[in-house]
Amino acid sequence: MGMSCALIIAQDPGNYTQDIQGLGWSIDMVFVEGGSFNMGAAKNDTSRDENEKPMHEVSVDDFWMAEYEVTWEQYDSFVYGRFGTEQFKSESKLADLGIDAVTGATAPYVDMSFGMGKGSFPATNMTQYAAIMYCKWITAKTGVFYRLPTEAEWEYVCKKGGTDKKTSLKEVAWFGENSNGKYNKTGTKKPNSLGIYDMLGNVSEWVLDQYSSDFYTKSPKENPWNIPSELYPRVVRGGSWKDTSGKLCCTSRQKSKSNWKMQDPQIPKSNWWYTDAPFIGFRIVRPKTQPSKTQIEKYWLEAIVDYGMN
Amino acid sequence: MDKKTENLSRRKFVKNSSIVSGGLFLAPSILSATPLYKKEKMLKLAVIGCGGRGTGAASQALKADENVKLVAMADAFQDRLDDSFNNLSKMFDDKRIDVKPSNKFVGFGSYKKAIDEADVIILATPPGFRPQHFEYAIEQGKHVFMEKPVATDVPGIKKVLATARKADEKNLNVVVGLQRHYQLNYQETFKRIQEGEIGKILSGQVYWDGAGVWVRPRQENWTEMEYQMRNWYYFNWLCGDHILEQHIHNIDVANWFIGEYPISAQGMGGREVRKGIDHGNIFDRHFVEFVYPGGAIISSQCRHQPGCMSRVSESFQGATGNSYTDAGNKAILTSYSNGQLFNHNGEDDKNPYQVEHNKLFASIRSGGHINDAENGAKSTMTAILGRMATYTGKVVTWEEAMNSKQVLVPVEDGLTWDSVAPVLPDADGKYVIPVPGVTTLI
């Protein structure tokens, strides 16, 4: 299975569907040919924030990106899933993927969909750590390395797909002007030209990076990734059902906030859930070339205890 | 910043202030000796019950007022107390977390020693013990923040009601952690309902439907008493069942908005999904109809079953319109004839868990008097009434329920880990579960 899969990829790195045994759903992945691009907003673009500047050239390697945002059906399989060893690939296979254990999220005490719908609606309110653990779980179940996109990969797909160049934003995105105050089922607007849905709007999407307003002044050129060392703020992209059009832009950078856990009355606060972020979700990517075990281990970020002091 | 720079910048600040204020009448020597503000009393805080919630409440108290320091802690378990102390020590410096080793009190009865040390007391143990803790704190003349629910049995409710009156007599402040009362979208909705925007409330539906909470499985070295205390959520005497422990929030909103407490209840419940060996003796669902003196009928549902509809909110139908509220700062009022009346924008609303402490400490400082205890007791009683209805399958009136002599919780002083627990498992490790139509104890 692994062999034939690798062979197909070598011949034609096209789109594919990742089946996940025993769960009754699969993940559609779209191939994205890497390359160089100008990240950020132009100096003279006064409509854009300073944190989107300077525009700078970076490159990203080939990868696949999920066609859709992760849905509640998919995310709940993780939250309420079983975590016995029989659920995953062999121990030696997992070791190659830098995985020594897979931990499940705690079940939430309240309704994390805020009554906006479950099933094929996008999952929300998960922390970046939880989103990364979901990737680890999918990796452990499939034996294929999945992770969150880097901020650069996310913007590359958004720009390459001309997502914010459509004649009408309302054709491609659910946002403040057309969402009626809630998220919608994934894939119900037009995709971008790469065939990827909801890059802008519906739910803002986690990427792997620490947010720093001046990262673009010192970003490496190849596969940039601002590796997080602090819990807050981290980057989310794309804007959501509640945002104004200004945030629905390929260059717009948003950051996580500790008050997204406002209603969590405990100390320490949950590693897994926000209580006030029903506009945050994510999608997954898969690098075309699977990184080394050492490199993969860097992507499995550790949880940082949240004392609610930020 | 090291000490030297700190002093320097402080002097600089004082100097600059004197220039701004004219600098005419205070010689520098007087300035350095006399504070410019009236020095507030340092209030000493004790936390009883050092779980995640007690730790959270302690941090909110410390953030509410900068002249508060934590001086004493009490918990049944050393490990819980140590975790809490370590977490708080990472958040605040040692001027704020000033708990000497001799002021860390562990085990049954330790609450008294911690309460003795402080001015303001946080009560955040499992609710079964709350009445005893509250009674002692008020007897000793302390201000109190106590978590909901405030009891698990009727004798406990009566103790809290009697103690609430004593708190009034002594002018002590008591805030109960029914934090929706301190949340703007709820306050706005209450005000608008009072003003008649949707007419008299005729009916409503209140929900806490979710997947459930943590389980702490039995360990071999634990006595039965330690097991029940560790895995307290699943034992009625400690927790009151989830209709009290969580759903009280939504039932309390019904009482608040209607302005009454129910006269009777009937309902159904049981356990179907969550019935494993570590799930004690509580139900996984309750559905109750509460009847109010003015005629309103409220449907109350709470469920702990994964994979089912999740919902935590309150809806009411008035004579001329309806309301929707939830803890996510939402509030929508609609007129049947004129459409939407109000849609609260809660984007920048303050954290109600913080606001309740801000109000408590502001009231203590100003010599004010807040006392949430009576409503806390009556809303807890409403949930107990609902539980009695689902456990028995009968119509239960408020009056009958208030006459219940059933004591679920033993006196804490004198308990040990070897004490006989209030409920005991059978040979298979299972506990007696209430059976509607059969169970008569209420």
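Begin by selecting A:R253 and A:Y216, where the charged end of A:R253 sits over the ring of A:Y216 at 4.4 Å from its centre; a charge counts as sitting over a ring if NZ of Lys or CZ of Arg is within 6 Å of the ring centre and within 35 degrees of the ring normal. This is a predicted model, in which local features need pLDDT of at least 70 and side-chain atom pairs count only at pLDDT 80 or more, while totals for chains, interfaces and linings use all residues. Residues are numbered from 1 along each chain as its sequence is written, chains are lettered from A and ligands numbered from 1 in the order in which they are written, and side-chain values use heavy atoms, with hydrogens and water left out.

Next, select A:R147 and A:Y299: the charged end of A:R147 sits over the ring of A:Y299, 4.7 Å from its centre.

Rings of Phe, Tyr and Trp (its six-membered ring) pair if their centres lie within 6.5 Å, with planes under 30 degrees apart counted as stacked, over 60 as edge-to-face and the rest as tilted. A:F145 and A:Y299 form a tilted pair, 5.7 Å centre to centre with 40° between the planes. This pair links distant parts of the chain, 154 residues apart, with A:F145 in the loop between α4 (128–142) and α5 (151–160) of chain A and A:Y299 in helix α8 (residues 293–299) of chain A; helices (H or I, at least four residues) and strands (E, at least two) are DSSP runs, numbered from the N terminus. Both A:F145 and A:Y299 are buried, where buried means under 20% relative accessible area, exposed over 50% and partly exposed in between (1.4 Å probe, protein chains only).

Now move to chain B and select B:Y261 and B:W398, a tilted aromatic pair with 6.1 Å centre to centre and 40° between the planes. B:Y261 is partly exposed, with a relative accessible area of 26%, whereas B:W398 is buried, at 17%.

Finally, select B:H247, which lies in the loop between α11 (242–245) and α12 of chain B and is buried, with a relative accessible area of 0%. Leaving aside its neighbours within four places in sequence, B:H247 is in contact (heavy atoms within 4.5 Å) with B:V206, B:Y207, B:W208, B:H242, B:S300, B:Q301 and B:C302.
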